[in-house]
Amino acid sequence: MRAATMAMRLSRYSPLALTGIAVVLLLSSLISPTLWGGPRMAAIDALSPAIEFVGAPFRVMTETISDASGLTKIRAENARLKAENKQLHEWYQTAMLLRSENQSLKDLLNVIPEPDQSYITTRVIADSGSSFVKTVLIEAGTDNAVEEGQAVLGSQGMIGRIIEVGQRASRVLLLNDINSHVPVVVEGANQRAVLSGTNDDLLVLIHLPPDVMVEKGSRIITSGSGGMFPNGLPIGEVSEIKNGVPMVMMYSDPYGAGYVQIVEKPQDPNVRHSIKTLTAGPE
Amino acid sequence: MSRHHFFGLHTLKLFGLYIILFILILLNLVKFPLLGSDGGKLSFLLIGIYFWTVYRPTLLPYPVIFATGLLLDLLSGGLVGLNAFCFMVVAMIVRGQRRFLLGQSWSVIWAGFCVAVTLVMGLQYTVYTLDALSVLPLKPLAFNLVISYLLYPLILPPMILLNRLLSD
């Protein structure tokens, strides 16, 4: 009798109890965003084949629509590519000349060589499922040597970085998420700044000295500060100056990418050796 | 024998309901064509929760609603507990208004869903704005709200069919 009454009471209060538990979970997630990383990636790992299966028809549909719209534009695209190719041939000659000059100057100064980058190419399998979180899921994890913090590139430039890694899948925080902050360099002005997401299409350039003038069209590349990403990865260009604040449009549409490239962290033993020699100083 | 048969069939139908809910969770994560960068973050799961709370609340107990919300939170990469909290609030309100809703026309029930989805997205917008300490853009929110309103009649047929099967 007593047990039955208790069960009745529990069933009456269970929605409120569950709502209370949800609030506690929410507060824990607000206080420590990384707290739930493990369970999140375990859930993603377990369900990534199902997510991929359900998403497959929509991926095919996207590709078909893209192909169909591409066919109508193919003539104009062909003319544009021919003109671009001609221009690129001229640029190629200039680039070869500059490379040779750069190499001889580096040899003269005995500069430590930059390690060669290697990439992991993988497919985007899912979206974030929320209007307020700008992330995507990719089909590569620790099994494929993906590590937290690696830069992720779209077809034209960087689109985000790895924030959670599972065994078979990983989560990418896109550069336009409000929590994304990346150290960058404004080419031309050669000024370091931080590129911050706004949850909108345009990103904002912050921590710029007030006397620095940034022009519309300036290229934004990674600075490599902090050693998290390699320097020189293209991100986008300044598209407008809004109330004195430069706004940046990314080269790659972060949601348009079907496939992405993950930049592996450099592991060149020769470079490590050179750095050790430098820090040890002359014998 | 017939009781076993009935039990088996009923379990199968129940299984169908939970399969639909699971597919709706996964559809929440799928990237849809033609919706652009801000689209596709639709309230598929909320449609299922709203519909079954109105028509079959006994088949969708609160712990199941909580669990589906929590699973969506874990898969979406957002704040853990937020969807679970929003879905619990919606389920409690809808259960309170269930008798009124059951006597209404289809369009009134649809309007009820529009209120529910606006409430959920409004709550989420407020929490994420407070978390970021910055006012988030309203354009994606408005776009996803409108698409979600229009989505309800499209997702309805398989659920109405299952509801009829459950009544048999």
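Predicted model: local features only at pLDDT ≥ 70, side-chain atom pairs only at ≥ 80, totals over all residues.

My entries follow, chain by chain and then across the two chains.

**Entry 1**

**Entry 1: chain A overall**

I counted up the elements of chain A and found 3 helices and 12 strands. Of its 283 residues, 30% are buried. I also checked contacts between residues at least 6 apart in sequence, and in chain A 56% of those join residues at least 24 apart.

I went looking for positive phi in residues other than glycine. A:Ala145 turned up with phi near 70°. A:Ala145 sits in the loop between strand 2 (135–138) and strand 3 (151–153) of chain A. Is A:Ala145 buried, exposed or partly exposed? I found 13 C-beta neighbours inside 10 Å, so A:Ala145 goes down as partly exposed.

A:Asn199 is another one, with phi near 65°. Its loop runs between strand 7 (191–196) and strand 8 (202–206) of chain A. A:Asn199 has 25 other C-beta atoms within 10 Å, so I wrote it down as buried.

**Entry 2: chain B overall**

Chain B has 7 helices and 0 strands. Buried residues account for 40% of its 168 residues. For contacts between residues at least 6 apart in sequence, 68% in chain B link residues at least 24 apart.

I picked helix 2 (residues 44–55) of chain B to start with. Its 12 residues reach 17 Å from first C-alpha to last, close to the 16 Å expected at 1.5 Å a residue. How many of the residues of helix 2 of chain B are buried? I got 11 of the 12, so this helix is largely enclosed by the rest of the structure. The buried ones include B:Phe44, B:Ile49, B:Tyr50 and B:Trp52.

Then I took helix 7 (residues 139–167) of chain B. With 29 residues at 1.5 Å each, it should span 42 Å, and because its end C-alpha atoms are 42 Å apart, the two agree. There is still a bend of about 40° at B:Leu156, with a proline, B:Pro157, following within four residues. Among the buried residues of helix 7 of chain B are B:Leu141, B:Tyr152 and B:Leu162.

**Entry 3: where the chains meet**

I looked up the contacts between the chains: 40 residues of chain A touch 43 residues of chain B. On the chain A side, the elements giving two or more residues are helix 1 (2–31), helix 2 (37–109) and strand 1 (119–127). Helix 2 of chain A supplies the largest share, 13 residues. By class, I sorted that side into 23 nonpolar, 11 polar and 6 charged residues.

**Entry 4: the cores**

Which residues have the most contacts inside the largest nonpolar core? That core has 94 residues, and the answer is A:Leu195, B:Ile49, B:Tyr50 and B:Met88. Leaving out neighbours within four places in sequence, I found A:Leu195 in contact with several residues, including A:Leu175, A:Val184, A:Ile220 and A:Val248. I also noted a second, separate core of 5 residues, which includes A:Phe132, A:Val133, A:Ile178 and B:Tyr128.

Key
Residues numbered from 1 in each chain as written. Chains lettered and ligands numbered in written order. Core = buried A, V, L, I, M, F, W, Y, C linked by C-beta atoms within 7 Å. Buried ≥ 20, exposed ≤ 12 C-beta atoms within 10 Å, placed from the backbone. Contact = placed C-beta atoms within 7 Å. Nonpolar A, V, L, I, M, F, W, Y, C, P; charged D, E, K, R; others polar. Expected span 1.5 Å × (residues − 1). Bend = angle between axes of the 7 residues up to and from the residue.
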